[in-house]
Structures are given as C-alpha cells and as structure tokens.
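Please keep the sequence and the structure in view while reading.

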Amino acid sequence: MSLSDKQDGLLESAGWQFGSKLRTEHVWDAFVLISLLRNHEARGHQLEVPHSGLQKDRFTAVMEECNLHIILEGQDEIDHACDSCTHTFEEVLPDGTKNICKSFRR
C-alpha cells in the first residue's frame with residue numbers, strides 16, 4: 001500500500017497525514033537525518049531535535065552546530081587544512097571582531 005498510488009484517497013479521507021507518493025522533501029529529510037545521525041555517532045553524541053515546529057526547521061539548529069564543529073575542528077576525511085587545499089576568508093566587523101571562514105578549494 002505504501003508504494004501504490006491507489007490508496008492516497010483513502011488515507012487522506014481517514015485524516016492520515018502521510019500519502020504514498022515519495023516527494024523531494026522526503027528524500028531531503030532522509031539525507032539530512034542520516035548525515036546528522038552519522039556525524040553525531042562518530043562524535044559520540046546523541047542527536048536531539050525538537051518534536052514540534054515545521055519539519056523544514058527542526059534540523060536547522062543541529063545543522064548549524066554540526067557545520068560550526070566542522071569549520072572549527074575539521075573532518076576525519078580531511079586531516080589537514082594547508083593553504084594549498086583551503087582558502088581563508090576574513091571579515092572585520094564594525095565592532096572590531098573578526099569572522100574567519102576556511103573553505104576547501106576544488
């Protein structure tokens with residue numbers, strides 16, 4: 001039933017929030033979730049996300065934390081950050097603080 005197109009009307013009329021059609025959002029959510037789960041498992045952390053709110057917003061804070069960790073600590077797959085492999089962007093804010101971002105060259 002989950003892969004057939006025939007049951008969508010029955011599911012909707014019963015008030016079921018899920019249909020049987022695979023959508024881009026499903027694939028994206030699955031990709032984000034598996035990436036976050038693997039990242040947290042590798043770091044020995046437990047993934048925690050809110051149970052409420054819009055689905056598109058539930059992983060935002062965790063993704064930002066994950067990205068910050070990678071920026072500051074690097075990744076096991078890339079064990080160095082030499083000047084040949086990375087480019088450093090530096091921005092000085094009006095209050096005198098600096099934003100520094102390293103990106104890997106392609």
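Helices (H or I, at least four residues) and strands (E, at least two) are DSSP runs, numbered from the N terminus. The model is a predicted one, in which local features need pLDDT of at least 70 and side-chain atom pairs count only at pLDDT 80 or more, while totals for chains, interfaces and linings use all residues. Residues are numbered from 1 along each chain as its sequence is written, and side-chain values use heavy atoms, with hydrogens and water left out.

Which residues of H2 are buried? They are Val32, Leu36, Asn39, His40 and Arg43, where buried means under 20% relative accessible area, exposed over 50%, and partly exposed in between (1.4 Å probe, protein chains only). These residues cover an arc of only 95 degrees around the axis, which puts them on the same side of H2; the arc is that of the directions from the helix axis to the C-beta atoms. An α-helix has 3.6 residues a turn, so residues three or four places apart point the same way. The face of H2 turned away from the buried side carries Arg38, Glu41 and Ala42, which are exposed. Just after the helix, Gly44 takes a positive phi of about 75 degrees.

## Packing against H3

The buried residues of H2 pack against helix H3, residues 60-73. The largest nonpolar core has six residues in all, namely Val32, Leu36, Leu47, Phe59, Val62 and Cys66, a nonpolar core being a set of buried Ala, Val, Leu, Ile, Met, Phe, Trp, Tyr and Cys residues joined through side-chain atoms within 4.5 Å. H2 and H3 are the elements that give two or more residues to this core.

Leaving aside residues up to four places away in sequence, Leu36 touches Leu47, Phe59, Val62, Met63 and Cys66, where contact means heavy atoms within 4.5 Å. Asn39, also found in helix H2, is buried with a relative accessible area of 17%.

## Salt bridges

How many salt bridges are there? The count comes to two, under the rule that a side-chain nitrogen of Lys or Arg lies within 4 Å of a carboxyl oxygen of Asp or Glu. Arg43 and Glu65 meet in a salt bridge, at 2.8 Å from N to O. Arg43 lies in helix H2 and Glu65 in helix H3, so the pair ties together parts that are 22 residues apart in sequence. Glu65 counts as partly exposed, at 35% relative accessibility.

Lys98 forms a salt bridge with Glu90, and their closest N and O atoms are 3.4 Å apart. Lys98 counts as exposed at 52% relative accessibility, whereas Glu90, at 49%, counts as partly exposed.

## The chain as a whole

The protein chain has three helices and two strands, which run α-α-α-β-β from the N terminus on. Of its 106 residues, 13% count as buried. Among contacts between residues at least 6 apart in sequence, 18% join residues at least 24 apart. The chain exposes about 9,200 Å², of which carbon and sulfur atoms supply 56%; accessible areas come from the Shrake-Rupley method with a 1.4 Å probe, and for residues only the protein chains shown count as cover.
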